[in-house]
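Here is a set of exercises to work through with the model open beside you. Try each task before reading its solution.

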Amino acid sequence: QTLRYATIGEPPSLDIQMGTATLATTIAQHMFETLYAFDGEGVPQPFLATGGEVSEDGLTVKITLREGVMFHDGDEMTAEDVAASLLRWSEFGARAGILGLESAEATGDHEVTLTLSEPNGAWQSILAHPNGGPVIYPADIVSEAEGEPISPENYVGTGPYVFGELRPNRYVELTRFDDYTPLDAPADGEAGGREALFETLQFIPVPDVGTRMSGVQAGDYDYAEYISGDLYGLVAEDPAIQVKISEAPIFGLMFTNSEEGPLSDNIPLREAVLAALDMEQALQVSVGEPELYAVDGAFFPEGSVWHTEAGTEPYNQGDPEKARQMAEEAGYDGTPLKLLVSTNYREHFDQATVFARQLGEAGIETEMVVVDWATLLTLRGQPSEWDLFMTHHGAMPDPVLFTVVNESYPGWWQTDERDAAMAALTETSDLDERVAAWADLQTLIWEQVPTIKVGDVYSFDIASPNLQTPWEDAPAFPHFWGASTN
Amino acid sequence: MSDPILEIRDLRKTYRIKRGGAWREIHAIDGVSLTVRRGETLGIVGESGCGKSTLGRAILRLTEPDGGQLVHEGSDLLSLGRRGLAAARLKIRMVFQDPYASLNPRRSVGDSVAELGDIHGLFRSRRERAERVGEALDRVGLGARFAASFPHELSGGQRQRVGLARAILPEPDLIIADEPVSALDVSIQAQVLNLLAELKSRLDLTLIFISHDLGVVASISDRVAVLYMGRVAEIAPADDLFEAPLHPYTRLLLSAIPRPDPSQRITGAVDLGEPPRRLETTLGCPFRDRCEHATARCHDETPPLREIAAGRHVACHHARLGPEW
Amino acid sequence: MGRYVIGRIGAAAATLFAASIVIFSFIHLIPGDPVSVMLGDAATPEQVAALRERMGLDEPIWVQYLVWAGNALQGDLGRSIFFETPVTQVIADGAETSILLALITMIWIVLFGIPVGILAAIRQGTWIDQGLSGLAMLLASVPTFWVGLYLILIFAAGLGWFPSSGYPSIFEGGGLANLQYLLLPSIALAAPNAALILRLTRASMLDVSREDFVRTARAKGIRPSRVVLRHILRNALLAVVSAFGFTFAALISEAVVTETVFALPGIGRTVVQSILRRDYPVIQGVILVTVCLYLVINLLVDLSYRLLDPRVEL
Amino acid sequence: MLGYLRVWTRPVVSRPLAALAGLFLIVVLCCALFAPWIAPYPPDQIDPVNRLLPPDAAHLFGTDHYGRDTFSRAVYGARLALLIGVGVVSFALASGVPIGILSALYPMLGRVLMRMVDVLMSFPSLLLALGLIVILGQGVLNAILAIGLIYLTTTARIVYGVALRLRSEPYVEAARSMGAGTLWIVRRHILPNMVSPLLVQASFVFAFAQLGAAALDFLGLGAPPEIPSWGNMLAEERIYITRASWLLLWPGLMIVLTAFSLNVMGDVLRDRMDPRFREMMGK
Amino acid sequence: MLSVTDLTVSAGPRTSPIGIVRGVSLGVDQGEILCLVGESGCGKSMTSLALMGLLPPGARVSGGSVELDGHDITHLAPHRRVRAGRGKLAMVFQEPMTSLNPVTRIGWQIEEAVRVHDPDANPTDRARELLEMVRIPDAANQLSAYPHELSGGMRQRVMIAIALACRPRVLIADEPTTALDVTIQRQVLGIIRELCDDLDMGVIFITHDLGVVAQIADRVAVMYAGRLVETGAVAPLFRAPLHPYTERLMACLPDPAARSKGFATIPGSAPRPGEIPDGCAFAPRCPRAQDVCRGGEVPVVRPEGGRRALCHFPLAEGETA
Ligand SMILES: Nc1ncnc2c1ncn2[C@@H]1O[C@H](COP(=O)(O)OP(=O)(O)OP(=O)(O)O)[C@@H](O)[C@H]1O
Ligand SMILES: Nc1ncnc2c1ncn2[C@@H]1O[C@H](COP(=O)(O)OP(=O)(O)OP(=O)(O)O)[C@@H](O)[C@H]1O
Ligand SMILES: [Mg+2]
Ligand SMILES: [Mg+2]
Ligand code: NI
């Protein structure tokens with residue numbers, strides 16, 4: 001029994017502490033697990049942990065661990081392993097520093113004590129998010145790898161699937177972990193007990209979207225990710241295909257350069273840019289199917305506790321006249337704005353093309369700098385090379401995970417207002433207070449325009465009709481424990 | 001007779017070719033010494049591959065000789081620089097064997113004839129150029145109107161005349177004609193030969209006439225040199241050579257010329273021997289394997305070119321004057 | 001002959017050395033770096049710089065070259081940054097698909113290009129010739145991905161005769177039956193190349209048929225078909241052989257588009273993807289191997305000339 | 001003069017296929033020159049409401065996923081097609097011809113140059129193009145440069161072969177015997193006699209440049225796609241192969257027909273230059 | 001044995017054909033060598049190729065007939081002419097350098113013909129025998145040689161061996177010696193003469209070298225501009241040519257004895273096919289030409305001795321044009 005999953009490409013290293021690639025997380029979450037896991041509502045629940053306690057000053061967190069959890073190599077997970085994994089992650093990981101972890105110590109066989117530099121109300125969410133997150137490895141592997149990605153032969157985790165084989169360009173294969181000890185709780189989202197029904201999971205790179213679709217139709221794949229919105233009409237009615245619309249939207253972002261160039265000190269000009277943009281058009285072009293996008297300036301989708309429309313008025317004005325006037329008032333001198341975009345993601349390119357035209361209509365010149373993704377990643381780190389660049393992010397379980405607010409992220413949004421709003425968000429672990437803080441921060445984002453959200457895009461995957469998944473709509477990282485074919 | 005216009009001294013040219021992974025040497029010219037006298041016609045004969053063309057080309061340094069001297073007007077052509085060589089090439093001209101191949105198919109006859117002048121910038125105006133070209137074409141009996149034609153529009157004889165016209169504009173001292181008539185018909189051949197003779201007398205030229213057709217050579221040359229395997233086998237005034245050949249190879253050649261005389265009919269096969277493959281060794285007489293008179297000496301010792309009688313040189317150990325050996 | 005081969009191998013080694021330097025400098029001219037691709041969108045510049053340093057990517061290029069070349073001489077092409085596996089394994093994995101695909105494609109090319117080329121040459125000037133030559137030009141000018149996509153739509157998704165994409169190794173279950181996965185891709189890939197071979201065959205058949213020795217053969221009283229096959233074709237193929245060799249080499253390393261459309265795990269795609277991800281060791285390794293391949297094929301072509309044409313001396 | 005013209009028109013007119021090919025190329029040329037007048041819409045006019053429309057009277061070839069008029073884009077596409085074609089051909093010739101000729105005339109230099117060409121040739125060609133584009137950045141000029149580099153090698157090889165043969169032609173030798181310098185020989189003798197193989201090579205390169213550009217676009221590295229090019233349109237809209245197949249049909253057809261016509265015309269030109277053919281057509 | 005009547009070969013478009021060979025009639029007997037002479041381009045090769053059915057594309061037989069032993073072979077495919085019965089026609093071509101297949105051994109090339117024409121014979125033995133017949137030294141070993149390993153003269157003899165393998169009744173040799181040295185030429189001519197006598201073959205020998213003609217021909221046919229202008233036995237024809245062209249041609253031969261006087265020539269040049277004037281084609285260059293020569297039919301004169309000429313004003317013996 002094999003699940004054949006057609007991916008958009010090859011995953012980078014499956015050491016997901018180190019990278020944030022969606023695909024790597026999708027695959028690796030079957031092998032590696034986190035201390036907490038989000039339930040169906042998006043609330044973090046203890047997973048490898050059994051619970052945690054925060055000290056009065058909010059600087060110490062004591063976490064107790066589940067007993068009898070086995071690593072794939074046959075050893076039992078201990079507090080040492082957890083402490084080593086968390087330390088490595090906070091020093092070298094993709095989201096290092098986000099938790100403000102100062103130290104992690106095994107204070108018992110099954111107890112770890114974390115010391116934070118500042119109180120962090122989001123610690124459970126942070127520990128639950130597997131993408132670039134603190135998954136648990138055995139201590140010896142962690143100490144061997146240090147800052148470098150763990151090599152495939154050392155992929156050892158606690159999950160229901162064991163790393164099988166990585167065949168470049170062919171597939172990544174995971175096999176069932178027979179000694180897996182599931183959590184004794186009903187499955188709920190990612191939380192709860194996990195059960196491996198498929199013998200093997202094969203993740204096969206199929207770069208061409210047409211081929212991914214034809215492949216599912218022809219029965220060569222059971223599941224294919226990331227089908228273009230424009231093909232929705234073709235498959236929506238097809239009884240031979242299950243459509244899995246993502247429950248977590250992806251949203252395009254156009255970052256502005258706060259460090260250098262015409263936009264850096266000129267918030268009014270940024271507002272002018274924002275005023276010129278008609279997101280409906282951009283989404284129509286890049287996605288097509290109205291069911292698959294939402295024009296929404298809120299950074300968290302409806303249904304999330306973090307959803308708020310606060311401050312989103314400037315979003316989606318699409319008023320060239322107003323924009324022209326605003327640009328004039330902002331002292332715009334006609335210098336073309338360098339819009340950095342890659343062709344590797346079609347949506348980025350489509351949206352950038354539409355924006356360039358809309359800005360042009362408002363008298364704001366743009367110069368598209370079209371490069372490949374790897375070049376873009378390098379160029380965007382050089383403030384002189386760009387004024388605007390396109391990327392996209394997926395929905396996050398917690399605002400602190402959200403890169404827009406990270407001051408070292410390209411764009412380098414660093415204002416006193418931001419610092420204040422951020423402090424408010426992390427100071428407390430009280431959800432209501434934090435939600436309110438986030439509303440302020442979102443308002444600030446739309447005021448200072450460090451980035452411009454394009455709109456929510458619900459990508460969709462397709463599956464063969466025989467596939468039974470434990471979820472209805474595709475989660476951000478589709479998981480296949482509990483999935484089977486009939 | 002008159003003074004020498006060109007002295008060839010011990011000229012050598014060795015081609016290196018790759019055979020079976022190893023370099024082999026072909027001595028295309030293997031120490032040729034000749035004196036060309038002003039105003040004479042020197043015929044050079046020999047069978048195909050004996051080095052006739054290489055000799056002609058070496059004189060103009062179209063192939064760079066490996067050794068020897070080429071004394072022309074007191075200076076050694078082989079030691080000339082680029083300028084000196086270009087100047088010498090104004091004086092010494094070559095007429096090529098294949099008249100069609102030696103004319104660029106994409107250039108008009110006039111352009112080809114004027115080429116030498118164009119290269120050296122000899123014409124001061126287009127008028128002058130046209131005049132000179134017309135004159136040269138007239139001289140070879142074509143007429144100025146041919147200047148606009150292209151080679152493929154001409155007959156073989158006409159092409160060969162174009163070849164001559166380009167060789168006499170401007171007037172040279174010495175013309176090396178490398179098999180200029182072998183591609184032509186008898187009747188056209190005769191026209192061209194007449195023309196050569198006439199030009200020669202009118203322009204006071206010296207002519208080196210390379211051919212393998214002994215009949216033709218006999219009728220046009222003052223002196224004849226017979227080459228065999230890159231060496232001079234015999235040099236003699238034409239009349240003497242055809243009347244009394246000294247070298248056994250010359251005799252063989254003469255005996256094989258088909259004569260237009262139905263009374264001397266062929267009745268059956270004869271064995272005249274196979275021309276040898278090119279040897280790597282230069283020792284001994286190259287003709288020894290086909291020679292009925294060959295002795296041990298012919299194998300061991302290279303026969304030098306020696307003067308047997310006035311003006312008659314032969315490279316054979318056994319040759320002597322007289323009707324029989 | 002032996003000496004010739006040794007000489008050629010020496011020259012090849014020199015070429016390889018030059019090529020390796022070119023490869024290395026070429027690759028390091030490419031902007032972007034593997035680390036930022038690896039760490040993903042969320043990584044900060046400090047993290048990227050730190051990992052670069054740990055991976056030795058900030059050493060001077062010549063140091064990196066010496067290390068790489070030294071290892072390459074011992075058969076170690078390094079480890080893929082992206083896959084974390086040895087480059088030799090990455091190449092070996094792609095090689096099976098690429099070589100088999102190229103072989104099957106060559107079969108199509110030979111089966112289609114040569115006979116049709118012969119037919120067109122024999123019927124030179126007739127409507128058959130015009131039609132076939134026209135067809136060839138048509139095939140040569142259709143983009144491969146277009147052909148590929150339509151083949152999948154019709155024969156895989158529509159009729160279901162062949163698998164749509166992918167290729168499971170024939171050594172890991174399925175056996176030779178897995179070759180059916182390569183059928184559609186090889187057709188897409190063969191189209192333009194067969195057209196080229198067709199035109200080449202036709203042209204050299206026509207050239208050879210004008211040669212004097214063909215007239216001699218015909219004057220011997222042998223059947224015309226024998227003249228075509230034993231005299232004209234044999235000589236005409238001489239001109240096609242080198243095209244064969246280089247087509248084969250190109251098919252192995254340049255079938256990127258086909259491999260992408262059909263999701264084949266081949267070398268071409270590996271290397272293109274590696275460029276996009278700046279996986280330096282893989283790019284270097286693959287190019288090095290294809291350069292070797294080219295040189296070997298070059299040598300084989302020349303040696304086959306020796307076998308086919310006695311005039312060629314080595 | 002008329003007769004001269006006839007020499008050129010005859011081989012074309014005597015073959016209906018060639019005549020059609022010629023006609024098509026003229027149409028393409030007109031499209032390129034007069035695109036703004038022929039195209040009913042600006043090529044980049046976005047109209048998301050009317051996206052993916054099938055062909056009708058208002059949009060002859062339908063609209064693409066931006067709602068841009070495919071017909072107008074195809075017309076403008078002729079510009080880029082010609083630009084890429086002519087650019088690549090010029091680059092390949094301008095660099096390949098000197099390299100080939102120099103190598104043939106100076107054997108020592110030739111050994112080095114041809115070795116280098118060998119090295120270039122031994123690189124997978126699309127890869128070379130890809131790498132160059134990544135290094136130089138995307139753009140029409142860079143695509144031309146990258147594809148041109150691929151054909152530099154083949155051109156240099158062909159030129160080398162031809163020049164080697166021409167170098168020993170008797171008329172070249174004749175010129176040398178008159179004291180002609182290298183420049184003279186190259187200008188007056190070698191280049192003019194190279195025209196016909198070069199023409200065939202040029203028509204071949206022109207056609208393949210289109211496909212090469214299309215392949216680069218397919219891999220996402222061609223010309224910046226806001227400038228319409230046929231290959232680009234094809235690559236960009238390829239996901240609509242089932243949903244809106246006309247989007248692929250038209251640009252695809254344009255590429256195919258242009259390449260096809262050029263091949264046919266290349267053949268005609270070669271025949272025209274072939275003395276045997278000239279003989280057959282009468283002088 | 002072989003008789004050709006009124007053979008016409010034309011080229012160019014069918015609507016306006018160009019006559020290359022215009023009504024040639026000739027015959028060859030057993031053991032006879034017929035030399036076909038005439039200047040380059042007059043249609044000698046075309047005539048011979050028409051006999052073999054090997055005309056190049058563009059040229060075709062447009063009239064007349066070719067009969068071999070009384071059978072009409074005008075329109076047979078080439079391999080049938082060669083095979084008719086047991087080998088009837090065979091041909092040796094001019095270019096020994098290029099007329100052998102470069103990639104196969106010469107033994108194979110001879111055997112290929114042997115297998116067709118002598119199915120019962122052991123091909124290798126027969127091939128060796130043939131090579132010996134054309135006097136190739138060390139024949140047995142040379143069978144495994146490739147053409148490029150042989151000298152021009154040897155290649156030409158291999159060509160003759162291949163032709164002989166067809167057991168021809170009539171051998172057509174198109175300028176078989178022009179590319180050879182005089183010494184080798186002499187050898188090849190000797191071989192042909194000998195074979196002709198020994199095997200009782202008829203030979204059509206094409207050349208433009210009158211010296212060769214004198215040495216080898218029994219009968220001579222002189223061609224000019226696609227027509228036979230004169231035929232006759234070799235001795236009388238050389239002694240007393242009838243046609244002014246024949247006479248002029250012989251006068252052009254270089255004569256070493258008369259060096260200082262220069263060479264006789266024929267003014268003007270032969271017409272190209274398609275531009276051949278009406279009447280006698282030689283008229284524009286002929287010193288004896290009168291108005292009658294420039295139009296209408298040219299009469300055939302047939303003095304005794306099987307001679308024949310196409311001329312209004314044939315020469316008497318000793319007369320020059
Ligand atoms: N470029 C070359 N490379 C190698 N060998 C050569 C070259 N040119 C000539 N030879 C050899 O040098 C010898 C002399 O050649 P050359 O052309 O001078 O002879 P030739 O007497 O002119 O012959 P022909 O009468 O056939 O023109 C021949 O054996 C020939 O094979
Ligand atoms: N396909 C063709 N179309 C038109 N004319 C042709 C064709 N082939 C040959 N000719 C012409 O036919 C004439 C006769 O040619 P042929 O080869 O028979 O001459 P030849 O007497 O054998 O000359 P040579 O002595 O040079 O071999 C020539 O003028 C030639 O140009
Ligand atoms: Mg010569
Ligand atoms: Mg002939
Ligand atoms: Ni909302």
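**Exercise 1: Ligand 1**

In this predicted model, a polar backbone atom of Lys52(B) sits 2.9 Å from an oxygen atom of ligand 1. A polar contact here is a pair of N or O atoms within 3.5 Å; within protein, one must be able to donate a hydrogen and the other to accept it, and residues adjacent in sequence count only if both atoms are side-chain atoms.

Residues are numbered from 1 along each chain as its sequence is written, while chains are lettered from A and ligands numbered from 1 in the order in which they are written. The model is predicted, with local features needing pLDDT of at least 70, side-chain atom pairs counting only at pLDDT 80 or more, and totals for chains, interfaces and linings using all residues; side-chain values use heavy atoms, with hydrogens and water left out.

*Task.* Describe the surroundings of ligand 1.

*Solution.* 
- Step 1: look at side chains. An N or O atom in the side chain of Ser53(B) is 2.5 Å from an oxygen atom of ligand 1, and a polar side-chain atom of Thr54(B) is 2.4 Å from an oxygen atom of the ligand.
- Step 2: consider cover. Ligand 1 exposes 630 Å² when taken alone, and the protein buries 64% of that (accessible areas come from the Shrake-Rupley method with a 1.4 Å probe; for residues, only the protein chains shown count as cover).
- Step 3: assign elements. β1 (4-19) and α1 (52-59) of chain B give two or more residues to the shell, and α1(B) gives the most, with 3 residues. Helices (H or I, at least four residues) and strands (E, at least two) are DSSP runs, numbered from the N terminus.
- Step 4: list the neighbours. There are 13 residues around ligand 1, and among the nearest are Ser48(B) and Gly49(B); near means that a heavy atom of the residue lies within 4 Å.
- Step 5: sort by class. The shell divides into 4 nonpolar, 5 polar and 4 charged residues. Ala, Val, Leu, Ile, Met, Phe, Trp, Tyr, Cys and Pro count as nonpolar, Asp, Glu, Lys and Arg as charged, and the others, Gly among them, as polar.

**Exercise 2: Ligand 2**

*Task.* Which helix supplies the largest share of the shell around ligand 2?

*Solution.* 
- Step 1: find the contacts. Oxygen atoms of ligand 2 lie 2.5 Å from an N or O atom in the side chain of Ser45(E), 2.8 Å from a backbone N or O atom of Met46(E) and 3.1 Å from a polar backbone atom of Gly43(E).
- Step 2: On its own, ligand 2 has 640 Å² of accessible area, and the protein covers 67% of it.
- Step 3: name the helix. Helix α1 (residues 44-52) of chain E contributes 3 residues, the largest share.
- Step 4: widen the view. The 14 residues around ligand 2 include Ser40(E) and Glu175(E), which are among the nearest; by class, the shell has 6 nonpolar, 5 polar and 3 charged residues.

**Exercise 3: Backbone geometry in chain B**

*Task.* Where does Pro170(B) lie, and where is Arg61(B) found?

*Solution.* 
- Step 1: recall the background. Most residues other than glycine have a negative phi, and most peptide bonds are trans.
- Step 2: check the proline. Leu169(B) and Pro170(B) are joined by a cis peptide bond, with omega about -15 degrees; Pro170(B) lies in the loop between α5 (156-167) and β7 (174-178).
- Step 3: check the arginine. Arg61(B) has a positive phi, near 55 degrees, and is found in the loop between α1 and β4 (67-72) of chain B.
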